[in-house]
Amino acid sequence: MYSVKEAFYSLQGEGGQAGRASVFCRFAGCNLWSGREADRVSAACRFCDTDFRGTDGQNGGRFADAETLAEHLVGLWEGAPDGSRPQVIFTGGEPLLQLDDALIAAMHDREFDVAVETNGTLAAPAGIDWLCVSPKGDVPLVQTRGDELKLVHPQPEAPPERFTGLDFRHFFLQPMDTSPLGETRDTMAATVAYCLANPRWRLSLQTHKIAGID
Ligand SMILES: C[S@@+](CC[C@H](N)C(=O)[O-])C[C@H]1O[C@@H](n2cnc3c(N)ncnc32)[C@H](O)[C@@H]1O
Ligand SMILES: Nc1nc2[nH]cc(C(=O)O)c2c(=O)[nH]1
Ligand code: SF4
Ligand SMILES: [Mg+2]
């Protein structure tokens, strides 16, 4: 059984695949925050910009098996058959609490590339085509390889230097959106300055927020 908060067709907003049309599957639940505002200050991850509680969002629900969920997600693809590969992005919440070999295989059977956005606290299954790991504070990192490491910045307990030795093809620094915290801190300047001084890091902006899309 899979619990999905919401699913939708949009453009990947962040990281090295930014701008690519994708079906998003947002799983319900996370191991670093309950999702309740009252718990935010005491959570292991405190700056989350996402509502991942329950299964009541657009195209959300509970799905009995991988084939059923895969059919549901394929049905949300709106792109023309132009020779490009369709992509599904599994996110959340924390997708690695639910994503398994059967669901990856079911999407591959339907000719979809599989991308994942994870906090890196759980080992990723094999066969993921684009793995994005986004470490959180002082929480131990288990998944130390992947396609991109996308660090939200600044996090006093997660300085970028801690991660440059890891096995990733791309290193992105993404300015923290402080609006979920009810703050208006300028995180952009520090993020730009770090990338200018440390050129193996590239700037990742949340372009979907600029574009006004999901
Ligand atoms: C909502 S998380 C879900 C996937 C997974 N739990 C994770 O943290 O990577 C998706 C992406 O949004 C990023 N993110 C969450 N809150 C953010 C914020 N306030 N500002 C910038 N990025 C944020 C996360 O770091 C992650 O890369
Ligand atoms: N457009 C868009 N791109 C995204 N990339 C990662 C997202 C996420 O919440 O995991 C996200 C999202 O929520 N929307
Ligand atoms: S780990 Fe990801 S989904 Fe969980 S609270 Fe943090 S940003 Fe949100
Ligand atoms: Mg998001």
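**Ligand shells, helix packing and backbone**

Visitor: Which residues surround ligand 3?

Guide: Ligand 3 is surrounded by C30, L32, W33, C45, C48, T50, F52, G92, G93, E94, N119 and K136; a residue is near a molecule if its C-beta atom, placed from the backbone, lies within 6 Å of it. The model is predicted, so local features need pLDDT of at least 70 and side-chain atom pairs count only at pLDDT 80 or more, while totals for chains, interfaces and linings use all residues. Residues are numbered from 1 along each chain as its sequence is written, and chains are lettered from A and ligands numbered from 1 in the order in which they are written.

Visitor: How many residues of each class does the shell around ligand 3 have?

Guide: The shell around ligand 3 has 6 nonpolar, 4 polar and 2 charged residues. Ala, Val, Leu, Ile, Met, Phe, Trp, Tyr, Cys and Pro count as nonpolar, Asp, Glu, Lys and Arg as charged, and the others, Gly among them, as polar.

Visitor: What makes up the shells around ligand 1 and ligand 2?

Guide: Around ligand 1 there are 6 nonpolar, 8 polar and 5 charged residues. D49, T50, N119, S134 and D177 come nearest among these 19, and strand 5 (113-118) and strand 7 (145-153) each supply at least two residues of the shell. Around ligand 2 stand S10, L11, Q12, G13, E14, T50, T91, E117, H208 and D214, which divide into 1 nonpolar, 6 polar and 3 charged.

Visitor: Why are helix 1 and helix 2 called oblique?

Guide: The axes of helix 1 (residues 66-74) and helix 2 (residues 101-109) cross at roughly 40 degrees and come within 9 Å. Axes are lines fitted to C-alpha atoms, for helices over the stretch in contact, with angles from 0 to 180 degrees between N-to-C directions. Angles under 35 degrees are roughly parallel, over 145 roughly antiparallel, 65 to 115 roughly perpendicular and the rest oblique; helix 1 and helix 2 are therefore oblique to each other. Helices (H or I, at least four residues) and strands (E, at least two) are DSSP runs, numbered from the N terminus.

Visitor: Which residues of helix 1 and helix 2 meet?

Guide: A66, E67, L69 and A70 of helix 1 meet A102, L103, A106 and M107 of helix 2, contact being C-beta atoms, placed from the backbone, within 7 Å. By class, this contact has 7 nonpolar, no polar and 1 charged residues.

Visitor: How do you know that the "binding site" residues gather at one spot?

Guide: UniProt, in an unreviewed entry, lists L11, Q12, G13, R26 and T91 for "binding site". They span 81 residues in sequence, yet no two of their C-alpha atoms are more than 14.4 Å apart, so they gather at one spot. Positions from UniProt use the numbering given here, feature names are shortened, and annotations may be inferred rather than shown by experiment. Of the listed residues, R26 is in strand 2.

Technical notes:
Two residues are in contact if their C-beta atoms, placed from the backbone, lie within 7 Å.
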